[in-house]
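Here are my notes on this one, in numbered points. Have the fold open while you read, and check each point against it as you go.

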Amino acid sequence: MSRPGPISAKPLSVLLSDVFSDAYAKQGFAARELVTRWAEIAGPQIAAHSEPLKMQWPRPVEGQPQEPATLILRVEGPMALEIQHSSDVILQRVNRFFGWSAVGRLALRQAPLSRRNRPAPSRAPDPKAVAKVAETLSAVEDEELRAALARLGAAIKRN
């Protein structure tokens, strides 16, 4: 009986790379990094209120150099004016990312962003509730353990 060969498991990102590349290419993105790394490229302030939708490339004309694309951004309604005022900065950052003047113009589309908001970090339980639960834990000798159990109990009662 022969020994089985080594298992060559591939990461899911490698297997789906072609699928994602095709989807991004249909939206005019030469590289998906513009979408996936938008927060790094545009900066956290701008990325919090915008996301790239697609890039529109003008039709090439024979004998003429390729003109830069138009980057279409989805922007939250109230922030559209701020993003419009920052368009020069955004264009510089995007072109610096590509390494050449790939984008010459921004177009904004006001709509809710497609990504979900991250859940708010949980807040600490009320100190009065922690003290009340700690009173019931007199049988626990370890001081740190008693404090941790009191915080846990107060958090459970809050929810």
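1. In the protein chain, 57% of the contacts with a separation of 6 or more are between residues 24 or more positions apart; contact here means heavy atoms within 4.5 Å. The chain's secondary structure comes to 9 helices and 3 strands, in the order α-α-α-α-α-β-β-α-α-β-α-α. Helices (H or I, at least four residues) and strands (E, at least two) are DSSP runs, numbered from the N terminus.

2. Before going further, keep in mind that this is a predicted model, in which local features need pLDDT of at least 70 and side-chain atom pairs count only at pLDDT 80 or more, while totals for chains, interfaces and linings use all residues. Residues are numbered from 1 along each chain as its sequence is written, and side-chain values use heavy atoms, with hydrogens and water left out.

3. On burial: 25% of the 159 residues of the protein chain count as buried. The cut-offs are under 20% relative accessible area for buried, over 50% for exposed, and partly exposed in between (1.4 Å probe, protein chains only). Accessible areas come from the Shrake-Rupley method with a 1.4 Å probe, and for residues only the protein chains shown count as cover.

4. I90, L91, V94 and N95 are the buried residues in α7. Down the axis of α7 they fall within an arc of 125 degrees, so they line one face of the helix. That arc is taken over the directions from the helix axis to the C-beta atoms.

5. What does the buried side of α7 pack against? The partners are α3 (33-36), α4 (38-42), α5 (44-47), β2 (69-75), α6 (80-85) and β3 (103-110). The face of α7 turned away from that side carries the exposed residues D88, Q92 and R96. After α7 comes G99, with a positive phi near 90 degrees.

6. I41 sits in helix α4 and is buried, at 8% relative accessibility. Beyond its neighbours within four places in sequence, I41 is in contact with E33, L34, R93, V94 and F97. I41 and V94 are 53 residues apart along the chain, yet their C-alpha atoms are separated by 6.4 Å.

7. Helix α9 (residues 143-158) passes the length check as well: 16 residues should span 22 Å at 1.5 Å a residue, and the end C-alpha atoms are 23 Å apart, which agrees. Which residues of α9 are buried? They are R146, A150, G153 and A154. Seen down the axis of α9, these buried residues fall within an arc of 95 degrees, so they line one face of the helix. Their cover includes α8 (127-135), while E144 and I156 are exposed on the face turned away.

8. L145, L149, L152 and I156 make a nonpolar surface patch of about 360 Å². Patches are made of residues with over 30% relative accessible area and no salt bridge; like charges are joined within 9 Å, nonpolar side chains (Val, Leu, Ile, Met, Phe, Trp, Tyr) within 5 Å. L145 is partly exposed, at 43% relative accessible area.

9. There are 3 salt bridges in the structure, a salt bridge being a side-chain nitrogen of Lys or Arg within 4 Å of a carboxyl oxygen of Asp or Glu. E51 and R74 meet in one of them (2.8 Å, N to O). This pair links distant parts of the chain, with E51 in strand β1 (residues 50-56) and R74 in strand β2, 23 residues apart. E51 is buried, with a relative accessible area of 10%.

10. E143 forms a salt bridge with R146, with the closest N and O atoms 2.9 Å apart. The two are 3 residues apart in helix α9, so about one helical turn separates them. E143 is exposed at 54% relative accessible area, whereas R146 is buried at 18%. R37 also bridges to E40, the closest N and O atoms being 3.2 Å apart; R37 is partly exposed at 35% and E40 exposed at 59%.

Technical notes:
Expected span 1.5 Å × (residues − 1).
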